[in-house]
Amino acid sequence: MKIRYLGHAAFQIIGSKNIVIDPFLTGNPVAAEQEGTPDLILVTHAHGDHLGDAVEMSKRSGAPIVCMYDIAQHIRGVQAYGMNYGPAKIEGIDIVMVPAWHSSSMGGQEVGNPAGFIVKMDGKTVYHAGDTFVFGDMALFNELYGPIDVALLPIGGYFTMGPREAAKAVELLKPRIVVPMHYNTFPPIRQDPEEFRKLVGDKAEVRILKPGEELDI
Ligand code: NI
Ligand code: MN
């Protein structure tokens, strides 16, 4: 299985299924090419830098969107699994929608609550945090669904955790590998990922991916 970074918070998990998460590509100054055709499109919350191209991508590929119930009510003309916090089996893949501390809106209107995803596929567990601050219940994600092979964590600050908070999240989640995301896309979220690496120390393997780079797990 591999994880491909598409820039900002957009990733692909490519194994027995091709899963795209938060496909913000149009208007993303650091977007990389996606690989293949998605089978499932996961969206953590309604903000434009996460919902992004999901609807267009779904129309093009036929891949359903997995998102918070309330967001599913707002997107038209595509197949959507509108779920909520909890475990689900969707198209044969174990997906847990978990809370995130953030907001979620579309055109200035609040839509649903923000989320993260834990995806279990091909014997591996991947956690995409979405946009969030660190919170103590991240320890539950490890207890309930761990061990986590890869955690994808925002480090940009301003809208989400910065490096210090994300390093604390690593302590709670205990992932084998952590990949920083949601930084250096725009000026307010400028960060040095090497600072994050230093703060994590030997608590996890930090893999800094450039958009378009992949990680084999
Ligand atoms: Ni957001
Ligand atoms: Mn965001």
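Is His-45 buried or exposed? It is buried, because its relative accessibility is 0%. Buried here means under 20% relative accessible area, exposed means over 50%, and partly exposed lies in between, with a 1.4 Å probe and protein chains only.

Ground rules, quickly. This is a predicted model, where local features need pLDDT of at least 70, side-chain atom pairs count only at pLDDT 80 or more, and totals for chains, interfaces and linings use all residues. Residues are numbered from 1 along each chain as its sequence is written, chains are lettered from A and ligands numbered from 1 in the order written, and side-chain values use heavy atoms, without hydrogens or water.

Now the metal site. The nickel ion (ligand 1) has four protein donors: His-45 (NE2), His-47 (ND1), His-102 (NE2) and Asp-131 (OD), at 2.2 to 2.3 Å. Donors are N, O and S atoms within 2.8 Å of the metal, or 3.2 Å for Na, K and Ca; water is not among the atoms, so sites may look incomplete. Along the chain the spacing reads H-x1-H-x54-H-x28-D. Asp-131 also bridges to the manganese ion (ligand 2), with the two metals 3.3 Å apart.

His-45 sits in the loop between S4 and H1, and His-102 in the loop between S8 (93-99) and S9 (105-106), so the pair ties together parts 57 residues apart in sequence. Strands and helices are DSSP runs numbered from the N terminus: H or I of at least four residues, E of at least two. His-102 counts as partly exposed, because its relative accessibility is 24%. The side chains of His-45 and His-102 make a polar contact of 3.4 Å. His-45 makes another with the side chain of Thr-44, at 2.9 Å. A polar contact is a pair of N or O atoms within 3.5 Å; within protein, one must be able to donate a hydrogen and the other to accept it, and residues adjacent in sequence count only if both atoms are side-chain atoms.

Next, strand S1, residues 2-7. All 6 of its 6 residues are buried, so S1 is largely enclosed by the rest of the structure. S1 runs antiparallel to S2 (residues 10-14), over 5 bridges. Two strands pair if DSSP finds at least two bridges between them. The two form a hairpin with 2 residues between them, and His-8 in the turn has a positive phi of about 60°. S1 also pairs antiparallel with S16 (residues 214-216), over 3 bridges. There, Ile-3 stands opposite Leu-215.
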